[in-house]
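Please look through the sequence and the model shown here before reading on.

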Amino acid sequence: MVATRFISPSKFMLSEPLPLIPPISLESRYTNPLESNQGQEILTWGTHFGETTIYHSTVPTGTFHKIGYRQFDNLFLMFIDSGSGTIVVNDSGKLESHKFAVGTILAFDDTCSFELVQKIDSIITGIRIPIQTIKEFGLCCTFEIIGTGNPSVLARAARDFVASIIVQKSDLSSISSYFIENLLQEMISGIILENNGNTVNQNSRKSIYDQAMSFIAASANDPELNTANLARELSISVRQLQREFKKNNLTVAQTIKNQRIDLATRLLSNSKMNVLSLDEVATFSGFTSLIQMRRALSERGLRHPTRIRADALNSL
């Protein structure tokens, strides 16, 4: 999918309009999920990638609320770039009050409901990603406050990256859109992992096997990933890592290869990725060459990459 720019409500015009912004308004729960209690308008503009949305919002002084939904599809991060106030969260009927200021980061999912009381006008940078992204790491996030004025290096980098995409003046190609969306999802997952003390090396609540599987899922496109490097990342010996996989009737090397095969078939079956050559598909899937990718697909009983791509096109 090619990224789409938006402004909401569409009747607003920015003092310095961004080029190529169509007059469309996405459903609010997929952009800035805040709604006014007194009828004030929140101006939001940004870029929509399909599963991921990034935006800037100007939120005036007043009281705003976020409605909780039964669906459990999205994770939101909101970076407070300016302004201050109080957030009142309804936690299973118990009200909890938290102050926020510049540098505060709010993380919450669809089900969360809260009230935000603005003392002064605020500017917010926001991101929405699929909740499944962090579920793959065994995490959930109903409501969390991350950082209170001193966000981590990763959080600052994510915020700056989002801001640079929103204000850029040229269209994003389908390739750029695809990889930017994946990078955004990985960065936000990293922020949640970091905040929960669940980095791969520090995760005490997940087994070695689960940590390894999470790391492989996130890093299979790195051609340097192998059994020895994975053991080093987990701070364990190669023998210990191999024992953990043997308990699950698997080998580390085959698991990494399977993940790369799955990634390659997704790229080959996605018509938006037809601009990639087969050599590029191999590279982006973590294989060192097209020959290595073809051999791996054949070992799985799959067809030649060209046929996989053609079959996907014929099924449209």
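This is a predicted model: local features need pLDDT of at least 70, side-chain atom pairs count only at pLDDT 80 or more; totals for chains, interfaces and linings use all residues.

In it, helix 2 (residues 153–167) and helix 3 have axes that come within 9 Å, as do the axes of helix 4 (residues 208–219) and helix 6 (residues 238–247).

**Helix 2 and helix 3**
- The two axes cross at roughly 155 degrees, and because an angle over 145 counts as roughly antiparallel, helix 2 and helix 3 are roughly antiparallel to each other.
- Helix 2 passes helix 3 in a left-handed crossing, with a contact to which helix 2 gives L154, A155, A157, A158, F161, V162 and I165, while helix 3 gives I180, L183, L184, M187, I188, G190, I191 and E194.
- By class, the residues of this contact are 13 nonpolar, one polar and one charged.

**Helix 4 and helix 6**
- The axes of helix 4 and helix 6 cross at roughly 95 degrees, and the two helices are therefore roughly perpendicular to each other.
- I208, Y209, A212, M213 and I216 of helix 4 make the contact with Q240, L241, E244 and F245 of helix 6, a set with seven nonpolar, one polar and one charged residues.

**The largest pocket**
- The largest pocket has a volume of about 980 Å³, and of the 32 residues that line it, Y178, N182, Q185, E186 and R266 are the closest to its centre.
- Helix 1 (132–135), helix 3 (174–195), helix 4 and helix 7 (252–269) each give two or more residues to the lining, and helix 3 gives the most, with nine residues.
- The lining comprises 15 nonpolar, 11 polar and six charged residues.

Notes:
Residues are numbered from 1 along each chain as its sequence is written. Side-chain values use heavy atoms; hydrogens and water are left out. Axes are lines fitted to C-alpha atoms, for helices over the stretch in contact, and angles run from 0 to 180 degrees between N-to-C directions. Helices (H or I, at least four residues) and strands (E, at least two) are DSSP runs, numbered from the N terminus. Angles under 35 degrees count as roughly parallel, over 145 as roughly antiparallel, 65 to 115 as roughly perpendicular and the rest as oblique. Contact means heavy atoms within 4.5 Å. Ala, Val, Leu, Ile, Met, Phe, Trp, Tyr, Cys and Pro count as nonpolar, Asp, Glu, Lys and Arg as charged, and the others, Gly among them, as polar. On a 1 Å grid over the protein atoms alone, a cavity is a set of points where a 1.4 Å probe fits but cannot get out, and a pocket is an open set with protein on both sides within 12 Å along at least five of seven lines; lining residues have an atom within 4 Å of a point. Grid points are joined across faces, edges and corners, and a volume is the space filled by probe spheres set on the points. A crossing is left-handed if the near helix is turned anticlockwise from the far one by less than a right angle, and right-handed if clockwise.
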